[in-house]
Amino acid sequence: MPTDLSDAQAASRKIVEKLLKEHGLEPRTLGQSDYPDEYPLKEVYAIGRHCSGGVILGFEQVRVTAGIAKPGTAKERKIKAPYAVPTPWNHLEAGILFGLGLPLLIFREPQVTGGIFDAGVSDVFVQLMPDVAQGGNRVGLKEVVLKWQARVRQHYYRDVR
């Protein structure tokens, strides 16, 4: 997740973190629980190697209100509606964790799309970010986290036998 969040985004993050902790899972976050020595990309890989699952929080970090998508191509088009861009680190982190074979749980704000946030990207769980104003949809979220954490625990215990 990005380092800088709005108040509403921070509240959504807290809902997700609370759910993880309720299921006995320990969130680790580069720049918050873990700090890079020199190379953050290398640190993402190092953290991932010591984890059994990954959670990606796709918060809007840039809002484009005018522009051109795919310039110079046959699919060039004007951007009319606001276009939300997450931190590029979301895609890098997801790619590293996927490459490590970790189960992924991905949350995105409704306006965030593309790349790892597209439905059907792989066998990952892509969910809308919990909305604090609507109570965080805790029942639905608990079911999603339960299903995902079963895969996490399976990964954690796979080498124990």
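A crossing of two helices is termed left-handed if the near helix is turned anticlockwise from the far one by less than a right angle, and right-handed if clockwise. Helices (H or I, at least four residues) and strands (E, at least two) are taken as DSSP runs, numbered from the N terminus. The structure is a predicted model, in which local features need pLDDT of at least 70 and side-chain atom pairs count only at pLDDT 80 or more, whereas totals for chains, interfaces and linings use all residues. Residues are numbered from 1 along each chain as its sequence is written, and side-chain values use heavy atoms, with hydrogens and water left out.

The protein chain contains four helices and seven strands. Read from the N terminus, the order of these elements is α-α-β-β-β-β-β-α-β-β-α. Of the 161 residues of the protein chain, 37% count as buried, where buried means under 20% relative accessible area, exposed over 50% and partly exposed in between (1.4 Å probe, protein chains only). Contact is defined by heavy atoms within 4.5 Å. Among contacts in the protein chain between residues at least 6 apart in sequence, 63% join residues at least 24 apart.

Two packed helices are described by the angle between their axes and the distance between the axes. Helix H2 (residues 40–49) packs with helix H3 (residues 88–99) at an angle of about 40°, and the axes are 9 Å apart. Axes here are lines fitted to C-alpha atoms, for helices over the stretch in contact, and angles run from 0 to 180 degrees between N-to-C directions. H2 and H3 are therefore oblique to each other; angles under 35 degrees count as roughly parallel, over 145 as roughly antiparallel, 65 to 115 as roughly perpendicular and the rest as oblique. The crossing in which H2 passes H3 is right-handed. On the H2 side, the contact is formed by Pro40, Leu41, Val44, Tyr45 and Gly48, and on the H3 side by Trp89, Leu92, Glu93, Ile96 and Leu97. These residues of the contact of H2 with H3 comprise eight nonpolar, one polar and one charged (Ala, Val, Leu, Ile, Met, Phe, Trp, Tyr, Cys and Pro count as nonpolar, Asp, Glu, Lys and Arg as charged, and the others, Gly among them, as polar). Proline 40 of helix H2 is partly exposed, with a relative accessible area of 33%.

Strand S5 (residues 83–86) includes alanine 84, which is buried at a relative accessible area of 2%. Not counting residues up to four places away in sequence, alanine 84 touches Glu60, Val62, Gln111 and Val112. Threonine 65, 19 residues from alanine 84 in sequence, is 8.9 Å away in space, C-alpha to C-alpha. Valine 85, also placed in strand S5, counts as partly exposed at 25% relative accessibility. With residues up to four places away in sequence again excluded, valine 85 touches Phe59, Glu60, Gln61, Val62 and Val64. The C-alpha atoms of valine 85 and valine 64 are separated by 7.7 Å, although these residues are 21 apart along the chain.

Most residues other than glycine have a negative phi, and most peptide bonds are trans. Lysine 70 has a positive phi of about 50° although it is not a glycine, and is found in the loop between strand S3 (67–69) and strand S4 (77–79). Lysine 14 belongs to helix H1 (residues 7–22) and is exposed, with a relative accessible area of 52%. Lysine 14 and valine 132 are 118 residues apart in sequence, with a C-alpha to C-alpha distance of 9.6 Å.

One aromatic pair is present in the structure. The ring centres of tyrosine 156 and tyrosine 157 are 4.8 Å apart and the ring planes stand at 85°, so the pair is edge-to-face. Rings of Phe, Tyr and Trp (its six-membered ring) pair if their centres lie within 6.5 Å; planes under 30 degrees apart count as stacked, over 60 as edge-to-face and the rest as tilted. Tyrosine 156 is exposed, with a relative accessible area of 54%, whereas tyrosine 157 is partly exposed at 45%.
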